[in-house]
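Hi,

Here is the structure I promised to pass on. Have a look at it first, and my notes follow below.

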Amino acid sequence: MLEIRNVTKNFRRKRALNQINCKIDSGIYGLIGSNGAGKTTLLRCLTGLYRVNQGEILWNGEKIQQSRSYKDSIGYLPQKLEVLKDLKVKEYMEYFGDAKEMDPDQMKKEIPEILERLNLKDQMEQKVRSLSGGMTRRLGIAQALLNDPKLLIFDEPTAGLDPEERMRFKNLIAELAGDRTIIISTHIVEDIDALCDQVIVMKKGRLLGTYSLEELHKPTLEDGYLWIMSEGKES
């Protein structure tokens, strides 16, 4: 279980996250909110890229900064993928496998399997710079899957994907679900409806609540699904 306790994050005088409290168990969680809601900041705190100013984040009861198992358990696709353009696709995957301290034999087995699932196996020897935008996004998803992570965090995973690729991603997430925890931040309503068990709603750095899809579609719910999405889309 991932537990967020009283998490606050400031950037100089700006408070990006304000006293966030949430428990996230296994399952697929959507993360939605309007522009400036703090979604990407929260995800970066969960990955350890940002240190929080107040509060703590725990994985199975252990603070993530002190947990080796957490580092081994996480796969992350950032919103903006900083690609290593001069590497071949296979080398790119090996780079992230080394970063995760994977066994070389395990990498040799996993990399072709994952690339095949993302329809990238035929591009293994191509340079990353030669890939289309959609292929690059799929490559980002592929590296997140290395080492069979129990926690997957995706920030706008289907941005730039065509409808066929989006459907492939949805099918992949459905296959991966099981006992994993998957968090998907997206502004694409159809992805939330098709994939998520629960939806975490944020507004202006605060957590409004965690809701089922049925609850969020109720027009009487203050700060509900349609209202949140009509407020704007966070890029």
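A bit of bookkeeping to start: axes here are lines fitted to C-alpha atoms, for helices over the stretch in contact, and angles run from 0 to 180 degrees between N-to-C directions. Helices (H or I, at least four residues) and strands (E, at least two) are DSSP runs, numbered from the N terminus. Bear in mind that this is a predicted model, where local features need pLDDT of at least 70 and side-chain atom pairs count only at pLDDT 80 or more, while totals for chains, interfaces and linings use all residues. Residues are numbered from 1 along each chain as its sequence is written, and side-chain values use heavy atoms, with hydrogens and water left out.

First, a helix pair. Helix α3 (residues 89-99) packs against helix α5 (residues 133-144) at an angle of about 35°, and their axes are 9 Å apart. The crossing of α3 past α5 is right-handed (the near helix is turned clockwise from the far one by less than a right angle). On the α3 side, V89, Y92, M93 and F96 meet L139, A142 and Q143 of α5, where contact means heavy atoms within 4.5 Å. Those residues divide into 6 nonpolar, 1 polar and no charged.

Next, the sheets (two strands pair if DSSP finds at least two bridges between them). One is an open, mixed sheet of 6 strands in the order β6-β7-β8-β3-β9-β10. β6 (74-77) and β10 (206-211) are at its edges with a single partner strand each, so one side of each has no neighbour in the sheet. On average, neighbouring strands here are turned by 15° against each other, direction ignored. Strands β7 (residues 151-155) and β8 (residues 181-185) run parallel and are joined by 5 bridges, with L152 opposite I182 in β8. Helix α5 turns up again here: it packs on this sheet, touching β6 and β7, and its direction makes about 170° with that of β6.

There is also an open sheet of 4 strands, ordered β2-β1-β4-β5 and paired antiparallel. Its edge strands, β2 (14-24) and β5 (62-63), each pair on one side only. Between β1 (residues 2-11) and β2 there are 7 bridges in the antiparallel sense, and V7 stands opposite I20 in β2. Helix α1 packs on this sheet, touching β1, β2 and β4 (54-59), with its direction at about 120° to that of β1.

On a 1 Å grid over the protein atoms alone, a cavity is a set of points where a 1.4 Å probe fits but cannot get out, and a pocket is an open set with protein on both sides within 12 Å along at least five of seven lines; lining residues have an atom within 4 Å of a point. Points are joined across faces, edges and corners, and a volume is the space filled by probe spheres set on them.

The largest pocket has a volume of about 690 Å³. Of its 26 lining residues, T47, L49, I74, Y76 and K100 lie nearest the centre. α3 gives the most to that lining, with 4 residues. The lining divides into 16 nonpolar, 5 polar and 5 charged.

The largest cavity comes to about 30 Å³. I24, L31, L42, L43, L46, I183 and I200 line that cavity, and helix α1 (residues 39-47) gives the most, with 3 residues. That lining has 7 nonpolar residues, no polar and no charged.

Cheers

Note on methods
Nonpolar A, V, L, I, M, F, W, Y, C, P; charged D, E, K, R; others polar.
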